[in-house]
Amino acid sequence: MSDKNILITQEIGSFRKPEYLSRIFHSIEGKPEFSELAGKAALETLKIFHESGLMNSGIAGEMFRWEMYEYLARRIRNIEFHGKVRSFDNRYYNKGSVAGEISLTSSPHSEELEFILKQTKVPLKIPVTGPYTMADWSFNDHYGSRLQLADAFADLIRGEIETIQRIWKKYRGDEVMQIQIDEPAATTHPSEMDIVIESVNRSVRGIKGLETSIHVCYSKDYRMLYDRLPELELNGLNLEYSNRDFLTPGTGPSARPGFNDIGYFSEINSTLSKPKFLGIGVTDVHIDTIESVDLIADRIRESLRYVEDPGLIRLNPDCGLRTRSREIGYEKLRNMSLARDKIISEL
Amino acid sequence: MRRIETLVFGIYPKSEKLRIRIGRWERHLISTSDLENEIRQETEQVESQWAESGLTHWAAPLFNWYDIFRPFSTMVSGIRLGPLTRYLETNTFYRIPVLDGPIALKTDPGMFAEGEEGLPLPLYQSRSEWAFLPGLMTFQSMSEISGAVNEEFIERMLTVYRQIIEKTGKKKLFLFEVSDPGKFDYSLYRQIMKPSDTVLFFSKSPGKDNLSSISERFYSLIDASGSSSDLVADHSMLKGIALLDAHSTRVESRDLILEKVENTGEDTLLTSNDYLDFLPRVIADRKVSVLGGCSNVR
């Protein structure tokens, strides 16, 4: 197996926007000036990713999107916004109300993807907010059940994936297009795992030429997701692991207890005829501490204790790096790449 | 004619203006006393709106509570603030109380005081006679227990609750129980308020055993799950019915609500199935207006 196919380093999605874009993002969105500035920021971000050694550049840090819910919801017919609701303390977000049959009013991802495809030939992975999270983060004032709502989002997302695949093919021909279904809400309602699996599968089912993954983070228990691996019709999972880990070096169950459930993943994954890859969060996006190369290398070694085939492991930050400055984001990605090189030399 | 009373309880969504002002207070751009005045003004404005709508009862809108446990973590010794934690199965988070020592009230809840990692007291900035308090089973099960928290928790918290009621001068008690009632004996609350002045709200149905040692009727029992209708009726002066959905922005029809109430054939207390802070303010206002319009006792 080529080195290029093992321990692939990848971004999860978002990267901090340069101030010249974030400061005026909302006031210029939809205007020609927006495309120009978002494009400029995307190019600069691609350069940072390249210099860090990152192997997969995601979608250049999501410079065309402000966040993951409202960005999509604002482009969906029959989602209404009545005002903000509390997330915690005095932090609020716009939670949409589904008031009728939903459909896209415009493609949320086409402009961003086409711009990036014109600029670069590097491997990309396109994050798309998942159907279950969209359903969970919306008020359901129309559909008869949570499953029906999630399925309606799945159909809409599936249409969007087909739309962007047509753009992809214009630039990349038959090269496989990587889609990451972002589902941070996936494990928040344990009794709804059936809905999660059904709607995620439905959003990509039958579309040829894709490599698909799901991103979940800050779950209390990934095991409920691992239990459903046999039914999950995706190629892999990209998860957060460092936020639950220690900052001290070492390997073994007591040094890295947060990684123990990767053994559970491996146990179930090894029973599958087509095992799935696991993208492991090896750097924490919620702290400014830049984990050392040695610490990240230990996290990779720990993962390899459970998943022996390095072709099934990918390396990523826990979540989007938008939470950190661009400088710190770069340092974290750089150390991730250096740690990967170190482990490759040991294999 | 059957009595239909109506009630709004718990944290109510703030106006955009107040949220912005709180944000400025958090960044030390306005003083605590200025903020306290603004919270008081918005409370008065909302309460007069509720009175006009015809509501029979309301507890303070709690604009100065970040979450339903926060004031207790800051004004009770033996309870400290833990990390942000998901509130049940919602997308709202609260700072989990960490129970780590002997519990006692350390701050006068009736007096103005600058909060510690919380909005300023007084606890209830309202002339409403109702005290809203989390049920003790909810408090215990939604807290993190650090070290030895023994059976004294219930006893000590009852003392804290009694002191809160005394110091704030509240005459009626609304207890909000969203966790499983387990084997809790609800007659214990007699220590702090007469059952006839107490409303018990349950998200999960109570059992007969929870209520067997109390012969008096509560002002109302509300089972938001709707699955213990007879038990609720047997122990209530007014049967509690949770007909407003606090997790949907679809505004209920007054006619449909009244039709459902008519079918019960009993005196009722109508309210919502959760506190309304999960909704945008404009929707909460519309729902309360509909609710108030259902009252025939004001």
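Reader: What percentage of the 347 residues in chain A do buried residues make up?

Author: This is a predicted model, and what follows should be read with that in mind. A residue counts as buried if 20 or more other C-beta atoms lie within 10 Å of its own. By that criterion, the buried share of the 347 residues in chain A is 47%.

Reader: How many helices and strands are there in chain A, and what is the radius of gyration of that chain?

Author: Chain A holds twelve helices and ten strands, and its C-alpha trace spans about 55 × 50 × 45 Å along the principal axes. The globule rule gives 20 Å for 347 residues, and the value for chain A is close to that, so the chain is as compact as a globular protein of that length. Among the contacts in chain A with a separation of 6 or more, 78% are between residues 24 or more positions apart. The radius of gyration asked for is 19 Å.

Reader: How far apart are the end C-alpha atoms of helix α8 of chain A, and what should its twelve residues span?

Author: Helix α8(A) covers residues 193-204, and at 1.5 Å a residue its twelve residues should span 16 Å. The expected span is 1.5 Å times one less than the number of residues.

Reader: Which residues of α8(A) are buried, and what covers them?

Author: The buried residues of this helix are A:I195, A:V196, A:I197, A:S199, A:V200, A:S203 and A:V204. Just after the helix, A:G206 takes a positive phi of about 80°. The cover over the buried residues of α8(A) includes α6 (131-136), α7 (146-172), β6 (177-182) and β7 (210-216) of chain A.

Reader: Which strands of chain A pair with β8(A), and in which sense, parallel or antiparallel?

Author: In general, strands of a sheet pair through backbone hydrogen bonds, either parallel or antiparallel. Four bridges join β7(A) to β8(A), with A:I214 opposite A:L237, while A:L239 has A:I280 of β9(A) as its bridge partner. From strand β8 (residues 236-239), A:G236 and A:N238 point one way and A:L237 and A:L239 the other, and all are buried.

Reader: Turning to chain B, which strands stand at the edges of the open sheet of three strands?

Author: The order of this open sheet is β3-β4-β6 (chain B), with mixed pairing. Each edge strand has a single partner strand, so one side of each is left without a neighbour in the sheet. Two bridges join β4(B) to β6(B), which run parallel, and B:V98 stands opposite B:E144 there. The strands at the edges are β3 and β6 (144-145) of chain B.

Reader: Which helix of chain B packs on that sheet, and what angle does its direction make with that of β4(B)?

Author: The helix touches β3 and β4 of chain B, and it covers residues 152-168. This is helix α5 of chain B, and the angle is about 95°.

Reader: Are the residues of strand β5 of chain B buried or exposed, and which strand do five bridges join to it?

Author: Strand β5 (residues 130-134) is mostly covered, since five of its five residues are buried. On one side these are B:W130, B:F132 and B:P134, and on the other B:A131 and B:L133. B:L133 stands opposite B:L175, and the strand joined to β5(B) by five bridges, running parallel, is β7 (residues 172-177) of chain B.

Reader: Is B:L88 buried, exposed or partly exposed?

Author: B:L88 lies in the loop between β3 and β4 of chain B and has a positive phi of about 50° although it is not a glycine. With 14 other C-beta atoms within 10 Å, B:L88 counts as partly exposed.

Reader: How many residues of chain B are in contact with chain A, and which element gives the largest share?

Author: On this side of chain B, 22 residues are in contact with 16 residues of chain A. The elements that give two or more residues are α1 (16-26), β3 (76-86), β4 (93-105) and α9 (281-292) of chain B. The 22 residues of chain B divide into ten nonpolar, five polar and seven charged, and the largest share, four residues, comes from α1(B).

Key
Residues numbered from 1 in each chain as written. Chains lettered and ligands numbered in written order. Predicted model: local features only at pLDDT ≥ 70, side-chain atom pairs only at ≥ 80, totals over all residues. Contact = placed C-beta atoms within 7 Å. Nonpolar A, V, L, I, M, F, W, Y, C, P; charged D, E, K, R; others polar. Buried ≥ 20, exposed ≤ 12 C-beta atoms within 10 Å, placed from the backbone. Pairing = 2+ DSSP bridges. Axes fitted to C-alpha atoms, helices over the stretch in contact; angles between N-to-C directions. Rg over C-alpha atoms; globule rule 2.2 N^0.38 Å.
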